[in-house]
Amino acid sequence: MNDLLIRNAGAIVTGLQGEAARHAGPDIRVANGRIAALGRLEPLPGERVVDATGCVVYPAWVNTHHHLFQSLLKGDAAGIDLPLTAWLAATPYRFRAAFDEDLFRLAARIGLVELLRSGCATVADHNYLYWPGMPFDGSAILFEEAERLGMRFVLCRGGATQTRQLEADLPACLRPETLDGYLADMERITQRWHDPAPDAMRRVVMAPTTPLYSMTPPELGTVAAEARRLGIRLHSHLSETVEYQNAAHGKHRTTPVRFAAEQDWLGSDVWFAHLVKLDDEEIALLGATGTGVAHCPQSNGRLGSGIAPIRQLEAAGAAISIGVDGAASNEAADMISETHAAWLMQRARGGQDARPTHRGGTFEGGADAASIEDVVRWGTRGGAQVLGLDGLGTLEVGMAADIAVYSLDDPRYFGLHDIAIGPVASGGRPALRLLTVAGKPVVEHDAIPGLDLRALAADARAAVARLLR
């Protein structure tokens with residue numbers, strides 16, 4: 001099943017570290033949905049051969065934090081120049097009551113297609129559109145749309161039992177859930193969709209929207225214990241802006257990470273989106289517990305939040321991954337633009353710390369803060385580690401054959417001395433010669449079988465017009 005030979009690749013980046021980060025190849029054999037061999041290989045009888053001459057091969061991306069419903073909220077004029085808290089009120093909270101089943105499904109489809117065309121095979125969506133008595137099952141829609149495209153999908157089931165002040169004027173139909181209602185739905189969706197296998201196509205995660213605002217401390221402890229009883233992971237937002245520091249200090253006289261620790265919300269089965277604003281003690285605590293981060297550089301830049309200290313977190317022992325966040329806070333939610341931003345912003349953060357020698361400086365810039373191989377590792381193997389999907393994320397024998405083959409036939413990639421870095425370093429969106437998930441081709445020659453992009457674009461335009469009305 002799905003046996004194929006990817007031949008004559010121009011470069012192979014594996015998602016591993018050190019010398020193992022590159023493989024000479026030039027061929028990769030896929031059998032029974034897994035990588036069977038790498039090297040100089042001859043075709044076997046009946047094996048499909050894909051010519052990858054001049055192409056760059058990466059593991060398929062693993063996106064660890066998204067809000068797919070925001071795919072219809074890009075570039076909202078009311079929120080385009082606002083920081084996080086004001087933007088939340090102006091854009092996602094302002095529009096979320098308008099999402100019925102059709103709009104929600106369309107938004108999910110657009111977001112998944114955008115990711116798929118960037119070479120992403122695995123998506124963790126932090127969906128927080130839930131309320132008592134809602135007329136459609138958003139969880140089911142998300143799993144259905146991902147399955148339709150052949151993608152791996154991790155539902156991070158958001159929700160809240162209390163609201164921020166900025167949500168006070170929302171329609172009554174969007175009132176917060178009860179803790180019992182939230183936990184009952186968690187048990188339902190876990191039993192229906194969660195697969196603990198290391199190469200699962202479906203996973204469920206306990207993900208209250210924001211610890212400092214969405215639940216009380218006792219409730220947070222309860223949901224953490226329940227997640228571990230169910231054998232699922234924990235996820236949420238944390239320390240995206242200084243407002244998180246203000247809230248933790250004002251309410252609890254502590255830091256956001258220390259607050260999380262007090263509710264049993266740290267560990268190798270937990271990851272947080274953002275973690276931009278951290279002090280040294282918080283970095284050490286995250287590292288010591290092996291807690292993960294979904295680094296979202298484009299959203300953090302777009303909202304003016306800052307640049308997460310990813311290098312320091314990794315050095316301390318934290319697990320690093322990359323998420324695109326919601327399209328309403330970065331206007332492009334694909335893994336190529338996100339990894340390009342991660343590469344540049346870590347270097348910019350390093351350079352920001354440079355000082356002249358007469359003021360005690362010891363270096364000029366931060367150009368060594370992140371290599372292309374680092375970024376690929378964070379966006380593939382790192383993501384799989386954070387999600388507990390240990391059977392995928394690298395190009396190694398025995399791993400799931402989630403493979404992206406990029407054709408660098410756009411002028412932005414012409415003249416590269418090392419084509420292996422092209423998809424990340426040059427940005428843009430390289431054409432996909434092939435994308436496989438568990439060995440099954442889901443994109444070929446930059447096209448998704450059965451998808452009419454023109455029709456999807458027309459649907460999106462009509463949906464935006466409806467939202468604006």
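**Figure 1. The loop around Ala438 in the predicted model.** Ala438 lies in the loop that links β18 (431–437) to β19 (440–444). The structure shown here and in the following views is a predicted model. Although Ala438 is not a glycine, its phi is positive, at about 55 degrees. The relative accessible area of Ala438 is 26%, so this residue counts as partly exposed, the range for that class lying between the 20% limit for buried and the 50% limit for exposed residues.

**Figure 2. Leu275, a residue with positive phi in the loop between β13 and α10**. The loop that holds Leu275 runs between β13 (270–274) and α10 (280–289). Leu275 is not a glycine, yet its phi is positive, at about 50 degrees. The relative accessibility of Leu275 is 1%, and the residue therefore counts as buried.

**Figure 3. The cis peptide bond between Gly25 and Pro26**. Omega for the bond from Gly25 to Pro26 is near 5 degrees, and the bond is cis. Pro26 belongs to the loop between β3 (22–23) and β4 (27–31).

Figure 4. Helix α3 comprises residues 101–116, 16 residues in total. From the first C-alpha to the last, α3 reaches 22 Å, close to the 22 Å expected at 1.5 Å a residue. The helix is mostly covered, with 13 of its 16 residues buried.

**Figure 5. Packing of α3 against α4.** The axes of these two helices come within 10 Å and cross at roughly 35 degrees. The crossing in which α3 passes α4 is right-handed. On the α3 side, the contact involves Glu101, Phe104, Arg105, Ala108, Arg109, Leu112, Val113 and Leu116. These residues meet Gly138, Ile141, Leu142, Glu144, Glu145, Ala146, Arg148 and Leu149 of α4.

Figure 6. Apart from residues up to four places away in sequence, Ala146 touches Leu112, Met151 and Phe153. Among these, Leu112 is also listed with the residues of α3 that meet α4. Arg188 is 42 residues from Ala146 in sequence, and the C-alpha atoms of this pair are 19 Å apart in space.

**Figure 7. Packing of α4 against α5.** Helix α4 (residues 138–149) and helix α5 (residues 179–193) have axes 11 Å apart, and the angle at which they pack is about 25 degrees. The two helices are therefore roughly parallel to each other. In passing α5, α4 makes a right-handed crossing. Ser139, Ala140 and Phe143 form the α4 side of the contact, and Ile189, Arg192 and Trp193 form the α5 side.

**Figure 8. Packing of α5 against α7.** The angle between α5 and α7 is about 15 degrees, and their axes lie 11 Å apart. This angle makes α5 roughly parallel to α7. Their crossing is right-handed. Leu179, Tyr182, Leu183, Glu187 and Thr190 of α5 meet Glu219, Thr222, Val223, Glu226, Arg229 and Leu230 of α7.

**Figure 9. Met215 in the loop between α6 and α7**. The helices on either side of this loop are α6 (211–214) and α7 (217–230). Met215 has a relative accessible area of 2% and is therefore buried. With neighbours within four places in sequence set aside, its contacts are Thr161, Gln162, Leu179, Tyr182, Pro208, Thr210, Leu220 and Val223. Of these, Leu179 and Tyr182 also take part on the α5 side of the contact with α7, and Val223 takes part on the α7 side. Gly415 is 200 residues from Met215 along the chain, and their C-alpha atoms are separated by 53 Å.

**Figure 10. Helix α13 and its N-terminal cap.** Helix α13 spans residues 335–352 and has 18 residues. The distance from its first C-alpha to its last is 25 Å, close to the 26 Å expected at 1.5 Å a residue. Asp334 caps the N-terminal end of α13, with a side-chain oxygen 3.0 Å from the backbone nitrogen of Ile336. Ile336 is itself buried, and other buried residues of the helix include Met335, Ser337, Glu338, Thr339, Ala341, Ala342, Trp343, Gln346 and Gly350.

Methods
Residues are numbered from 1 along each chain as its sequence is written. This is a predicted model: local features need pLDDT of at least 70, side-chain atom pairs count only at pLDDT 80 or more; totals for chains, interfaces and linings use all residues. Side-chain values use heavy atoms; hydrogens and water are left out. Helices (H or I, at least four residues) and strands (E, at least two) are DSSP runs, numbered from the N terminus. The expected span of a helix is 1.5 Å times one less than its number of residues. Buried means under 20% relative accessible area, exposed over 50%, partly exposed in between (1.4 Å probe, protein chains only). Axes are lines fitted to C-alpha atoms, for helices over the stretch in contact, and angles run from 0 to 180 degrees between N-to-C directions. Angles under 35 degrees count as roughly parallel, over 145 as roughly antiparallel, 65 to 115 as roughly perpendicular and the rest as oblique. A crossing is left-handed if the near helix is turned anticlockwise from the far one by less than a right angle, and right-handed if clockwise. Contact means heavy atoms within 4.5 Å. A polar contact is a pair of N or O atoms within 3.5 Å; within protein, one must be able to donate a hydrogen and the other to accept it, and residues adjacent in sequence count only if both atoms are side-chain atoms.
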